[in-house]
Amino acid sequence: MDRDKVKRVVFARHSNPWSMWTRWASTPLMLVPVWRRSRRDAMLVGLWMAVNPVVFREPAHDRAWATRAALGEERWIAERPMDSAMAVNVAATAALLVAMVAAHRRRAVPAAAATALEMGLLMAYWELMARYYDRNSRSANGRSSTGSTSVRPGPSVPGA
């Protein structure tokens, strides 16, 4: 399987709202190995972050905000426009780095504040990605052009 197909499979599954929301909620876990200086914790958190995008099924539709955010990000990464989403993404990454440094120094309040800022910026980024998806991936009939029209029917997806 070539790299683009692997990326498509990962994004298709990661676009499940359960994957998106559990990964977002796991953000503070990334500080635990740094705070505790634990390689074991780092391996466990790293494993979770690596498998999270693929453990959930592909969603049945693209109506959920989190699904549209993931699918928009997939397309945005491929096209890499220099837009406000790039700035928000850089700011979120910087906030996470500040949180990591604060955790390494075992400064709880700055670590928590920077983590909260990163998670808030990530929500702004998701909104931009959902809008990007809505603008760039919908055909005239309102159906997705990224393949989600062929998504199998299934139970309702949380966040829809």
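In this predicted model, arginine 37 is found in the loop between α3 (31-36) and α4 (39-55). Its phi is near 55 degrees, a positive value in a residue other than glycine. Most residues other than glycine have a negative phi. Arginine 106 likewise has a positive phi, near 55 degrees, and is placed in the loop between α6 (84-104) and α7 (108-136).

How exposed are these two arginines? Arginine 37 is partly exposed because its relative accessible area of 43% falls between the limits of 20% for buried and 50% for exposed. Arginine 106, at 43% relative accessibility, also counts as partly exposed.

| Residue | Phi | Relative accessible area |
|---|---|---|
| Arginine 37 | near 55 degrees | 43% |
| Arginine 106 | near 55 degrees | 43% |

The report now turns to the nonpolar cores. The largest of them holds 18 residues, of which Met20, Ala69, Trp76, Tyr125, Trp126 and Met129 touch the most other members. At least two residues of this core are supplied by each of α5 (65-79), α6 and α7. Helix α7 provides the largest share, eight residues.

Which residues does methionine 129 touch, not counting those up to four places away in sequence? Its contacts are Arg68, Ala69, Gly72, Glu73, Trp76 and Ala85. Of these, Ala69 and Trp76 are also listed with methionine 129 among the core residues that touch the most other members.

Another core, of six residues, lies apart from the largest one; its members include Leu31, Ala99, Ala102 and Ala103.

Notes. Residues are numbered from 1 along each chain as its sequence is written. This is a predicted model: local features need pLDDT of at least 70, side-chain atom pairs count only at pLDDT 80 or more; totals for chains, interfaces and linings use all residues. Side-chain values use heavy atoms; hydrogens and water are left out. Helices (H or I, at least four residues) and strands (E, at least two) are DSSP runs, numbered from the N terminus. Buried means under 20% relative accessible area, exposed over 50%, partly exposed in between (1.4 Å probe, protein chains only). A nonpolar core is a set of buried Ala, Val, Leu, Ile, Met, Phe, Trp, Tyr and Cys residues joined through side-chain atoms within 4.5 Å. Contact means heavy atoms within 4.5 Å.
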